[in-house]
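Let's take a walk through the spaces and the surface of this model. Have a look at the structure below, and we'll begin on the inside.

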Amino acid sequence: MRGQIIEKSKGVWHFSEPKTKQSRRTMPLPPSVVKELKAHRREQLTERLKLGAAWKDHDLVFSSEIGTPHSAANITRRVFKPALKRAKIRQTIRL
């Protein structure tokens, strides 16, 4: 399993090791989560085959539609801010 973090610089994705040894850890997952992740992986592989050479393989569990990492701004705009709004929490909180 990869224990890397993602940094974006000038439109290029770089993968690097975590800053400290304590940042590297194993997380046990319940069987139900493993089952869902395997199903997600099958769907991802199907999409990857459809895209062929257009797929950017970064070996990510959760990627964009073309295999690239999600940007923090995109996650904030599409997921985090709507969740804040639904929870009636002030929109100034940052991810």
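The lining of the largest cavity is made of three nonpolar, one polar and four charged residues. Here Ala, Val, Leu, Ile, Met, Phe, Trp, Tyr, Cys and Pro count as nonpolar, Asp, Glu, Lys and Arg as charged, and the others, Gly among them, as polar. Lining that cavity are Arg41, Gln44, Leu45, Arg48, Trp55, Asp57, Asp59 and Leu60, and its volume is about 40 Å³. On a 1 Å grid over the protein atoms alone, a cavity is a set of points where a 1.4 Å probe fits but cannot get out, while a pocket is an open set with protein on both sides within 12 Å along at least five of seven lines; lining residues have an atom within 4 Å of a point. Points are joined across faces, edges and corners, and a volume is the space filled by probe spheres set on them.

A word on the source: this is a predicted model, where local features need pLDDT of at least 70 and side-chain atom pairs pLDDT 80 or more, but totals for chains, interfaces and linings use all residues. Residues are numbered from 1 along each chain as its sequence is written, and side-chain values use heavy atoms, leaving out hydrogens and water.

Now for the second largest pocket, which holds about 160 Å³ of space. Its lining includes His40, Glu43, Gln44, Trp55 and Phe62, and by class it splits into two nonpolar, five polar and three charged residues.

Finally, Leu29 sits in the loop between β2 (12-16) and α1 (31-51), with helices (H or I, at least four residues) and strands (E, at least two) taken as DSSP runs numbered from the N terminus.
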